[in-house]
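Hi everyone, thanks for coming. Let me put the structure up on the screen, and then we can walk through it together.

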Amino acid sequence: MSHVMNTYARLPVAFVRGEGVWLWDQSGRKYLDGLAGIAVNTLGYGHPALSKALNARIASGIVHTSNLFQIPDQEAAADRIAEITGLDEVFFCNSGCEANEAAIKVARLYGHKRGVERPEIIVFEKAFHGRTLATLSATGSRKVQAGFEPLVSGFVRVPLDDLDAVRSIAAHNKNVVAVLIEPIQGEGGIHVSRMEYLRGLKEICDRNEWLFMADEVQCGLGRTGQWFVYQHAGISPDVVPLAKGLGGGVAVGACVTGNRAKGVFSPGKHGSTFGGNPLACTGVVATIDAMKGEKLLDNASTVGRVIREGLAQGLAGTAGFVEVRGMGLMIGVELDRPCGDIVTMALEAGLVLNVTADNVVRLLPPLVMSEAEGRQLVGLLVPVVKAFLARPAAAAPVSKAG
Ligand SMILES: *Cc1c(COP(=O)(O)O)cnc(C)c1O
């Protein structure tokens, strides 16, 4: 019996080798990676510059020293992140939920500094911000929250794409100090915010001096063809939690602040033992430098378009297919029924992907995927989806709410 705690329903495959966008399992079978370890492996597998930098960091003997000392790799990583976000200050942590925890603390402290005793944060239906108590309380999914009550208070939930709901809160609730939004919802099913909506929300934040906090843990870092989705909307947020793709596979998170959130924290207000360690920050620097050098943002737009168009064409007219949506290499294929079985069917066909929100096939490939590999992905996925939808056992459509 396994001694690993039973928190994941794992697939019966272990990947033991990787190169570019390709993975091999223990029996030597090859798979095309459409998931990148859930948007983590930005540069795919075995990227020479990343491997070289990490190996050199380990060979130096310094993997961790602690934030009690100067960490040159952390300075270099913070410089890179400030440059690509257009913001000022980076707090390093180790995961997305920690990055959001830091954002929530920034918002509360910002509120207290303005004399709001019980600061509240606006969050969204279907949102996902993590599995710690504060972040699961901010998350808009009962499945994530159930059994962990009492939830952390101080969150007000609104529907997606409804500025009037936010305006009405602004008019009545003087405790609100911030809005926390995923500009593209990931776990919720690849829901892309309209750019005018993001701009409208930013305007409401500015008018009320709220913090605009963009959780770009999944959608950020080049995946959509810009470094960040808020850049497509032409806005500059106050707080940006990051993680997943930031270290090219090394565990690292960051809470980035600027504008109204600049200078909120001071020594003693927040911390993390491992946060910003030399190994993780080496991963950040090597990943961002390789992304720039190899123009991976442009690549994500181009290959993303190839995949979305290929899937839309390949699946057009198939009963049970609803739509393809997304931006760049963050893609969802919505079906009219729960489709968890597609994950195993795709694996059998040699394709790694995942299903979220029950009925959305999710693709988050490494940003190094080529156009030809994008077409291969389409060629593998279309027959799998068609075969799935043709199964009589899967013929009962779910309601939209399911
Ligand atoms: C994955 C994710 C998180 C949580 O990240 P962890 O590293 O799993 O804690 C938070 N926000 C978003 C948008 C995510 O996709």
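Which residues line the largest cavity? Keep that in mind while I say that what you see is a predicted model. Now, the lining: it is made up of Ala 39, Thr 42, Val 217, Gln 218, Gly 220, Leu 221, Arg 223, Gly 245 and Leu 367. Sorted by class, that lining has four nonpolar residues, four polar ones and one charged. The space inside the largest cavity comes to about 50 Å³. And if you search the whole structure for cavities of 30 Å³ or more, you find one.

Let's move on to the ligand. Around the ligand we have Ser 95, Gly 96, Cys 97 and Asn 100, then Phe 128, His 129 and Gly 130, and also Glu 182, Asp 215, Val 217, Gln 218 and Lys 244. In terms of class, the ligand shell holds six polar, three nonpolar and three charged residues.

Now for some individual contacts. Lys 244 brings a side-chain N or O atom to 2.7 Å from an oxygen atom of the ligand. Gly 96 uses its backbone instead, with an N or O atom 2.8 Å from a ligand oxygen. For Phe 128, a backbone N or O atom sits 3.4 Å from a nitrogen atom of the ligand.

Key
Residues are numbered from 1 along each chain as its sequence is written. This is a predicted model: local features need pLDDT of at least 70, side-chain atom pairs count only at pLDDT 80 or more; totals for chains, interfaces and linings use all residues. Side-chain values use heavy atoms; hydrogens and water are left out. On a 1 Å grid over the protein atoms alone, a cavity is a set of points where a 1.4 Å probe fits but cannot get out, and a pocket is an open set with protein on both sides within 12 Å along at least five of seven lines; lining residues have an atom within 4 Å of a point. Grid points are joined across faces, edges and corners, and a volume is the space filled by probe spheres set on the points. Ala, Val, Leu, Ile, Met, Phe, Trp, Tyr, Cys and Pro count as nonpolar, Asp, Glu, Lys and Arg as charged, and the others, Gly among them, as polar. A residue is near a molecule or strand if one of its heavy atoms lies within 4 Å of it. A polar contact is a pair of N or O atoms within 3.5 Å; within protein, one must be able to donate a hydrogen and the other to accept it, and residues adjacent in sequence count only if both atoms are side-chain atoms.
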